[in-house]
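Have the viewer open and follow along.

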Amino acid sequence: MKITAIRVYQVDLPLHEGSYKWSGGNAVSVFDSTVVAVETDDGITGWGEICPLGPAYLPAYARGARAGIAELAPQLLGADPLALGELNELMDNAMRGHPYVKSAIDMACWDVLGQASGLSVATLMGGHVGEDFALYRAISQEAPAQMAERIAHYRSEGYRKFQLKVGGDPDTDIDRIRAAAAVLERGDVLIADANTGWTQHAAMRVVDAVRDVDVYIEQPCLTYEQCLAVRRHTNRPFVLDEVVDGIDMLVRGVADQAMDVINLKISKVGGLTKARQIRDLCVSLGIAMTIEDTWGGDITTAAIAHLAHSTPERFLFSSTDFNSYVSVAVADGAPQRKHGRLAASREPGLGVQPMMHVLGKPLGVFP
Ligand code: MG
(Lines give C-alpha, C1' and ligand atoms only; values in the text may rest on other atoms or scores of the structure.)
Protein backbone atom coordinates (compact mmCIF):
# COMPACT_ATOMS: atom_id res chain seq x y z
CA MET A 1 0.00 0.00 0.00
CA LYS A 2 1.17 3.54 -0.71
CA ILE A 3 0.34 6.98 0.63
CA THR A 4 -1.04 8.96 -2.31
CA ALA A 5 -2.09 12.20 -0.62
CA ILE A 6 -2.14 13.98 2.73
CA ARG A 7 -4.81 16.58 3.53
CA VAL A 8 -4.67 19.01 6.45
CA TYR A 9 -7.72 20.64 8.08
CA GLN A 10 -8.04 23.19 10.88
CA VAL A 11 -10.88 23.25 13.39
CA ASP A 12 -11.63 25.47 16.41
CA LEU A 13 -12.72 23.65 19.55
CA PRO A 14 -14.34 25.99 22.12
CA LEU A 15 -14.55 24.81 25.73
CA HIS A 16 -17.86 24.20 27.49
CA GLU A 17 -16.44 25.78 30.65
CA GLY A 18 -15.36 28.92 28.73
CA SER A 19 -11.69 28.62 29.58
CA TYR A 20 -9.09 26.21 30.94
CA LYS A 21 -6.51 27.64 33.32
CA TRP A 22 -3.32 26.14 34.64
CA SER A 23 0.01 27.21 36.17
CA GLY A 24 1.78 30.45 35.32
CA GLY A 25 -1.45 32.31 34.48
CA ASN A 26 -1.85 30.25 31.30
CA ALA A 27 -5.33 29.83 29.83
CA VAL A 28 -6.98 28.61 26.63
CA SER A 29 -10.60 29.28 25.66
CA VAL A 30 -10.68 27.94 22.08
CA PHE A 31 -8.38 25.09 21.06
CA ASP A 32 -6.81 25.23 17.60
CA SER A 33 -6.81 21.64 16.37
CA THR A 34 -5.34 20.13 13.21
CA VAL A 35 -6.92 17.10 11.54
CA VAL A 36 -4.94 15.08 9.02
CA ALA A 37 -6.21 12.68 6.36
CA VAL A 38 -3.81 10.13 4.88
CA GLU A 39 -5.09 8.79 1.55
CA THR A 40 -3.84 5.56 0.03
CA ASP A 41 -3.80 3.82 -3.35
CA ASP A 42 -6.07 1.17 -1.79
CA GLY A 43 -8.91 3.67 -1.38
CA ILE A 44 -8.54 3.67 2.43
CA THR A 45 -8.28 7.04 4.18
CA GLY A 46 -6.86 7.22 7.71
CA TRP A 47 -7.46 10.09 10.14
CA GLY A 48 -5.31 11.73 12.81
CA GLU A 49 -5.44 14.85 14.99
CA ILE A 50 -2.93 17.06 16.80
CA CYS A 51 -4.00 19.79 19.23
CA PRO A 52 -1.33 21.45 21.40
CA LEU A 53 -2.39 22.96 24.73
CA GLY A 54 -1.63 26.46 23.42
CA PRO A 55 1.94 27.57 22.66
CA ALA A 56 3.09 27.84 26.30
CA TYR A 57 2.64 24.29 27.57
CA LEU A 58 5.15 22.15 25.63
CA PRO A 59 7.49 23.16 22.76
CA ALA A 60 4.55 22.89 20.35
CA TYR A 61 1.94 25.19 18.85
CA ALA A 62 -0.94 24.75 16.42
CA ARG A 63 0.46 26.64 13.44
CA GLY A 64 3.80 24.92 14.05
CA ALA A 65 2.05 21.56 13.66
CA ARG A 66 0.63 22.64 10.30
CA ALA A 67 3.92 24.17 9.10
CA GLY A 68 5.73 20.98 10.09
CA ILE A 69 3.22 18.73 8.36
CA ALA A 70 3.53 20.86 5.20
CA GLU A 71 7.31 20.30 5.37
CA LEU A 72 7.03 16.57 6.00
CA ALA A 73 4.03 15.48 3.92
CA PRO A 74 5.64 15.70 0.43
CA GLN A 75 8.40 13.36 1.65
CA LEU A 76 5.90 10.73 2.78
CA LEU A 77 4.09 10.33 -0.55
CA GLY A 78 4.69 6.82 -1.85
CA ALA A 79 5.59 5.45 1.60
CA ASP A 80 3.79 2.38 2.97
CA PRO A 81 1.36 3.47 5.72
CA LEU A 82 1.16 -0.12 7.04
CA ALA A 83 4.91 -0.23 7.79
CA LEU A 84 4.71 1.99 10.85
CA GLY A 85 8.26 1.35 12.04
CA GLU A 86 9.68 2.34 8.69
CA LEU A 87 7.34 5.30 8.42
CA ASN A 88 8.57 6.62 11.77
CA GLU A 89 12.18 6.15 10.66
CA LEU A 90 11.38 8.07 7.50
CA MET A 91 9.78 10.93 9.46
CA ASP A 92 12.64 11.09 11.99
CA ASN A 93 15.24 11.12 9.20
CA ALA A 94 13.37 13.80 7.27
CA MET A 95 12.80 16.06 10.30
CA ARG A 96 14.81 16.09 13.49
CA GLY A 97 12.75 16.54 16.65
CA HIS A 98 9.30 18.17 16.51
CA PRO A 99 7.55 14.99 17.71
CA TYR A 100 4.12 16.65 17.78
CA VAL A 101 4.33 17.37 14.03
CA LYS A 102 4.58 13.61 13.35
CA SER A 103 1.83 12.52 15.73
CA ALA A 104 -1.28 13.04 13.59
CA ILE A 105 0.37 11.40 10.56
CA ASP A 106 1.38 8.36 12.60
CA MET A 107 -2.12 8.23 14.12
CA ALA A 108 -3.73 8.33 10.68
CA CYS A 109 -1.51 5.46 9.51
CA TRP A 110 -2.64 3.36 12.51
CA ASP A 111 -6.20 4.08 11.35
CA VAL A 112 -5.23 2.87 7.86
CA LEU A 113 -3.64 -0.29 9.31
CA GLY A 114 -6.76 -1.04 11.32
CA GLN A 115 -9.09 -0.50 8.38
CA ALA A 116 -6.88 -2.61 6.10
CA SER A 117 -6.75 -5.49 8.60
CA GLY A 118 -10.37 -5.23 9.75
CA LEU A 119 -9.19 -4.82 13.37
CA SER A 120 -9.56 -2.03 15.90
CA VAL A 121 -6.39 -0.15 16.83
CA ALA A 122 -6.89 -1.39 20.42
CA THR A 123 -6.86 -4.98 19.13
CA LEU A 124 -3.64 -4.29 17.22
CA MET A 125 -2.12 -2.78 20.38
CA GLY A 126 -2.77 -5.73 22.63
CA GLY A 127 -6.53 -6.17 22.82
CA HIS A 128 -9.43 -4.47 24.61
CA VAL A 129 -8.99 -4.99 28.37
CA GLY A 130 -12.41 -5.32 29.99
CA GLU A 131 -15.47 -3.32 28.97
CA ASP A 132 -14.14 0.19 29.60
CA PHE A 133 -11.63 2.20 31.63
CA ALA A 134 -11.63 5.07 34.16
CA LEU A 135 -11.13 8.73 33.28
CA TYR A 136 -9.86 11.66 35.28
CA ARG A 137 -11.36 15.13 35.16
CA ALA A 138 -9.06 18.14 34.97
CA ILE A 139 -10.15 20.90 37.36
CA SER A 140 -9.20 24.28 35.92
CA GLN A 141 -7.29 26.61 38.27
CA GLU A 142 -9.72 28.78 40.24
CA ALA A 143 -10.22 29.80 43.87
CA PRO A 144 -10.07 26.79 46.25
CA ALA A 145 -13.82 26.73 47.03
CA GLN A 146 -14.74 26.96 43.34
CA MET A 147 -12.45 24.05 42.48
CA ALA A 148 -14.00 21.96 45.26
CA GLU A 149 -17.46 22.78 43.84
CA ARG A 150 -16.37 21.68 40.37
CA ILE A 151 -15.13 18.39 41.79
CA ALA A 152 -18.50 17.79 43.45
CA HIS A 153 -20.23 18.59 40.14
CA TYR A 154 -18.05 16.27 38.03
CA ARG A 155 -18.24 13.61 40.73
CA SER A 156 -22.03 13.63 40.24
CA GLU A 157 -21.38 12.90 36.52
CA GLY A 158 -19.45 9.77 37.46
CA TYR A 159 -15.80 10.81 37.56
CA ARG A 160 -13.81 9.43 40.51
CA LYS A 161 -10.36 10.82 39.66
CA PHE A 162 -9.64 14.55 39.77
CA GLN A 163 -6.57 16.42 38.57
CA LEU A 164 -6.35 19.78 40.27
CA LYS A 165 -4.55 22.48 38.35
CA VAL A 166 -2.20 24.01 40.93
CA GLY A 167 1.30 25.43 40.32
CA GLY A 168 0.25 28.92 41.42
CA ASP A 169 0.76 30.69 44.74
CA PRO A 170 1.92 27.91 47.09
CA ASP A 171 -0.26 28.95 50.04
CA THR A 172 -3.35 29.10 47.83
CA ASP A 173 -2.36 25.75 46.31
CA ILE A 174 -2.21 24.18 49.78
CA ASP A 175 -5.75 25.51 50.33
CA ARG A 176 -6.82 24.14 46.93
CA ILE A 177 -5.54 20.65 47.75
CA ARG A 178 -7.15 20.63 51.21
CA ALA A 179 -10.49 21.98 49.93
CA ALA A 180 -10.56 19.35 47.18
CA ALA A 181 -9.61 16.49 49.50
CA ALA A 182 -12.43 17.50 51.85
CA VAL A 183 -15.15 16.78 49.24
CA LEU A 184 -13.79 13.39 48.14
CA GLU A 185 -15.01 9.99 49.21
CA ARG A 186 -13.21 6.74 49.82
CA GLY A 187 -11.88 5.35 46.53
CA ASP A 188 -11.64 8.73 44.82
CA VAL A 189 -8.24 9.78 43.52
CA LEU A 190 -6.80 13.29 43.83
CA ILE A 191 -3.84 14.56 41.81
CA ALA A 192 -2.26 17.99 42.35
CA ASP A 193 -0.73 18.86 38.98
CA ALA A 194 1.56 21.90 39.15
CA ASN A 195 2.41 21.71 35.43
CA THR A 196 6.00 22.85 36.15
CA GLY A 197 4.68 25.94 37.94
CA TRP A 198 6.37 25.80 41.37
CA THR A 199 9.93 26.80 42.15
CA GLN A 200 11.77 24.04 43.97
CA HIS A 201 11.49 25.74 47.38
CA ALA A 202 7.76 26.43 46.91
CA ALA A 203 7.22 22.79 45.95
CA MET A 204 9.05 21.67 49.09
CA ARG A 205 6.68 23.79 51.19
CA VAL A 206 3.54 22.51 49.48
CA VAL A 207 4.44 18.81 49.64
CA ASP A 208 5.33 19.19 53.34
CA ALA A 209 2.03 20.93 54.06
CA VAL A 210 0.00 18.12 52.46
CA ARG A 211 1.91 15.16 53.91
CA ASP A 212 -1.25 13.99 55.65
CA VAL A 213 -3.48 14.34 52.53
CA ASP A 214 -4.10 11.39 50.21
CA VAL A 215 -2.90 13.20 47.06
CA TYR A 216 -0.56 12.50 44.16
CA ILE A 217 1.95 15.22 43.23
CA GLU A 218 2.40 15.76 39.47
CA GLN A 219 5.28 17.61 37.75
CA PRO A 220 5.93 20.19 40.49
CA CYS A 221 8.83 22.03 38.78
CA LEU A 222 10.23 22.87 35.36
CA THR A 223 13.28 20.60 35.22
CA TYR A 224 13.79 16.91 35.84
CA GLU A 225 16.45 17.65 38.47
CA GLN A 226 14.16 19.96 40.44
CA CYS A 227 11.34 17.38 40.30
CA LEU A 228 13.74 14.68 41.48
CA ALA A 229 14.76 16.80 44.49
CA VAL A 230 11.09 17.22 45.43
CA ARG A 231 10.39 13.54 44.83
CA ARG A 232 13.19 12.59 47.25
CA HIS A 233 11.74 14.95 49.85
CA THR A 234 8.09 13.91 49.80
CA ASN A 235 6.20 10.85 51.00
CA ARG A 236 3.38 11.38 48.47
CA PRO A 237 3.07 9.26 45.28
CA PHE A 238 4.69 11.10 42.38
CA VAL A 239 3.82 11.65 38.72
CA LEU A 240 6.14 13.01 36.02
CA ASP A 241 4.59 14.49 32.90
CA GLU A 242 6.16 17.36 30.92
CA VAL A 243 9.77 16.15 31.32
CA VAL A 244 8.99 12.59 30.16
CA ASP A 245 9.08 13.36 26.45
CA GLY A 246 10.47 10.06 25.18
CA ILE A 247 11.80 6.66 26.06
CA ASP A 248 15.21 8.03 27.14
CA MET A 249 13.62 10.08 29.90
CA LEU A 250 11.47 7.14 30.97
CA VAL A 251 14.55 4.94 31.33
CA ARG A 252 16.38 7.66 33.24
CA GLY A 253 13.43 8.23 35.55
CA VAL A 254 13.09 4.53 36.28
CA ALA A 255 16.82 4.26 37.07
CA ASP A 256 16.53 7.20 39.51
CA GLN A 257 13.18 5.98 40.93
CA ALA A 258 12.03 9.48 40.05
CA MET A 259 8.29 8.67 39.78
CA ASP A 260 5.58 6.10 40.43
CA VAL A 261 3.41 7.14 37.48
CA ILE A 262 4.06 8.91 34.19
CA ASN A 263 1.71 10.97 32.12
CA LEU A 264 1.97 9.61 28.57
CA LYS A 265 0.70 12.05 25.96
CA ILE A 266 0.56 10.73 22.39
CA SER A 267 1.79 13.87 20.60
CA LYS A 268 4.43 14.68 23.26
CA VAL A 269 6.30 11.52 22.28
CA GLY A 270 5.59 11.68 18.52
CA GLY A 271 2.54 9.50 17.91
CA LEU A 272 0.89 6.19 18.72
CA THR A 273 3.85 4.07 17.57
CA LYS A 274 6.21 5.63 20.11
CA ALA A 275 3.52 5.96 22.77
CA ARG A 276 2.82 2.25 22.51
CA GLN A 277 6.53 1.46 22.86
CA ILE A 278 6.70 3.57 26.03
CA ARG A 279 3.41 2.06 27.29
CA ASP A 280 4.72 -1.47 26.87
CA LEU A 281 8.00 -0.65 28.61
CA CYS A 282 6.09 0.95 31.51
CA VAL A 283 3.99 -2.20 31.88
CA SER A 284 7.14 -4.36 31.95
CA LEU A 285 8.78 -2.08 34.52
CA GLY A 286 5.70 -1.65 36.72
CA ILE A 287 5.17 2.07 36.10
CA ALA A 288 1.52 3.14 35.90
CA MET A 289 0.34 5.69 33.35
CA THR A 290 -2.14 8.40 32.67
CA ILE A 291 -2.68 7.89 28.94
CA GLU A 292 -3.84 10.95 27.04
CA ASP A 293 -2.69 13.76 24.75
CA THR A 294 -2.09 17.49 25.03
CA TRP A 295 -5.68 18.18 23.94
CA GLY A 296 -7.96 17.48 20.99
CA GLY A 297 -11.43 16.51 19.85
CA ASP A 298 -13.08 13.30 18.70
CA ILE A 299 -10.17 11.84 16.73
CA THR A 300 -7.59 12.44 19.46
CA THR A 301 -10.04 11.03 22.02
CA ALA A 302 -10.52 7.91 19.88
CA ALA A 303 -6.75 7.38 19.60
CA ILE A 304 -6.30 7.85 23.36
CA ALA A 305 -9.10 5.34 23.96
CA HIS A 306 -7.47 2.65 21.80
CA LEU A 307 -4.10 2.98 23.57
CA ALA A 308 -5.69 3.20 27.04
CA HIS A 309 -8.21 0.39 26.51
CA SER A 310 -5.43 -2.00 25.43
CA THR A 311 -3.38 -1.29 28.57
CA PRO A 312 -3.47 -3.73 31.54
CA GLU A 313 -5.90 -2.21 34.04
CA ARG A 314 -3.56 -1.98 37.03
CA PHE A 315 -1.07 0.06 35.04
CA LEU A 316 -3.68 2.44 33.63
CA PHE A 317 -3.78 5.11 36.33
CA SER A 318 -6.29 7.19 34.35
CA SER A 319 -7.14 8.61 30.94
CA THR A 320 -9.05 11.50 29.37
CA ASP A 321 -12.13 12.18 27.25
CA PHE A 322 -11.19 15.53 25.70
CA ASN A 323 -14.18 15.43 23.37
CA SER A 324 -16.48 16.01 26.36
CA TYR A 325 -14.64 19.23 27.31
CA VAL A 326 -15.25 20.90 23.93
CA SER A 327 -18.48 21.98 22.25
CA VAL A 328 -17.64 20.99 18.66
CA ALA A 329 -17.78 17.40 17.41
CA VAL A 330 -15.56 16.58 14.42
CA ALA A 331 -16.30 12.88 13.89
CA ASP A 332 -19.00 10.26 14.31
CA GLY A 333 -18.09 7.02 16.01
CA ALA A 334 -15.82 8.63 18.62
CA PRO A 335 -16.06 7.19 22.15
CA GLN A 336 -18.46 8.94 24.53
CA ARG A 337 -18.03 8.98 28.30
CA LYS A 338 -20.46 7.01 30.46
CA HIS A 339 -20.32 7.32 34.29
CA GLY A 340 -16.75 8.65 34.21
CA ARG A 341 -15.58 5.82 31.97
CA LEU A 342 -14.75 5.37 28.28
CA ALA A 343 -14.44 2.46 25.83
CA ALA A 344 -12.57 2.26 22.53
CA SER A 345 -14.56 1.43 19.41
CA ARG A 346 -14.51 -2.20 18.26
CA GLU A 347 -14.79 -1.08 14.62
CA PRO A 348 -11.75 -1.36 12.32
CA GLY A 349 -9.09 1.33 12.75
CA LEU A 350 -9.85 4.25 15.04
CA GLY A 351 -13.56 3.78 14.29
CA VAL A 352 -14.17 7.44 13.47
CA GLN A 353 -15.96 9.00 10.49
CA PRO A 354 -15.01 12.69 10.23
CA MET A 355 -17.80 15.21 9.67
CA MET A 356 -16.66 16.85 6.46
CA HIS A 357 -19.10 19.77 6.88
CA VAL A 358 -17.35 20.61 10.19
CA LEU A 359 -13.82 20.22 8.82
CA GLY A 360 -14.59 22.36 5.76
CA LYS A 361 -12.00 22.86 3.05
CA PRO A 362 -8.48 21.57 3.68
CA LEU A 363 -5.82 24.22 4.41
CA GLY A 364 -3.27 22.06 2.67
CA VAL A 365 -3.34 19.20 0.16
CA PHE A 366 -0.18 17.27 -0.73
CA PRO A 367 0.55 16.70 -3.55
MG1 MG B 1 0.11 16.81 33.82
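A donor here is an N, O or S atom within 2.8 Å of the metal, and water is not among the atoms, so a site may look incomplete. Keep in mind, too, that this is a predicted model.

**The metal site**

With that cut-off, the magnesium ion is coordinated by D193 (OD), E218 (OE) and D241 (OD), at 2.1 to 2.3 Å. Along the chain, these donors follow the spacing D-x24-E-x22-D. D193 belongs to strand β9 (residues 189-193), while D241 sits in the loop between β11 (238-240) and α9, so the pair ties together parts that are 48 residues apart in sequence. Are D193 and D241 buried or exposed? Both D193 and D241 are buried.

**The sheet**

Now step back to the strands. An open sheet is built from 8 strands in the order β7-β8-β9-β10-β11-β12-β13-β14, and the pairing is parallel. Its edges are β7 (136-139) and β14 (316-319), each of which pairs on one side only. From one strand to the next, the twist averages 25°.

For a closer look at one pairing, take β12 and β13 (residues 288-292): the two run parallel and are joined by 5 bridges. Within this pairing, L264 has I291 of β13 as its bridge partner.

| Helix | Strands it lies across | Angle |
|---|---|---|
| α11 | β12 and β13 | about 165° to β12 |
| α12 (residues 298-309) | β12, β13 and β14 | about 160° to β13 |

**Helix α9**

The next stop is α9, which spans residues 247-255 and has M249, L250 and G253 as its buried residues. Seen down the axis of α9, these buried residues fall within an arc of 105°, so they line one face of the helix. Which exposed residues does the face turned away from the buried side of α9 carry? That face carries D248 and A255.

What covers the buried residues of α9 includes α8 (224-233), β12 (261-265) and α11 (272-285). Just after α9, the backbone has a detail to check in your viewer: Q257 takes a positive phi of about 50°.

Key. Residues numbered from 1 in each chain as written. Predicted model: local features only at pLDDT ≥ 70, side-chain atom pairs only at ≥ 80, totals over all residues. Heavy atoms only, no water. Buried < 20%, exposed > 50% of the residue type's maximum accessible area, 1.4 Å probe, protein only. Helix = DSSP H or I, 4+ residues; strand = E, 2+ residues; numbered from the N terminus. Arc of directions from axis to C-beta. Contact = heavy atoms within 4.5 Å. Donors = N, O, S within 2.8 Å, 3.2 Å for Na, K, Ca; no water. Pairing = 2+ DSSP bridges. Axes fitted to C-alpha atoms, helices over the stretch in contact; angles between N-to-C directions.
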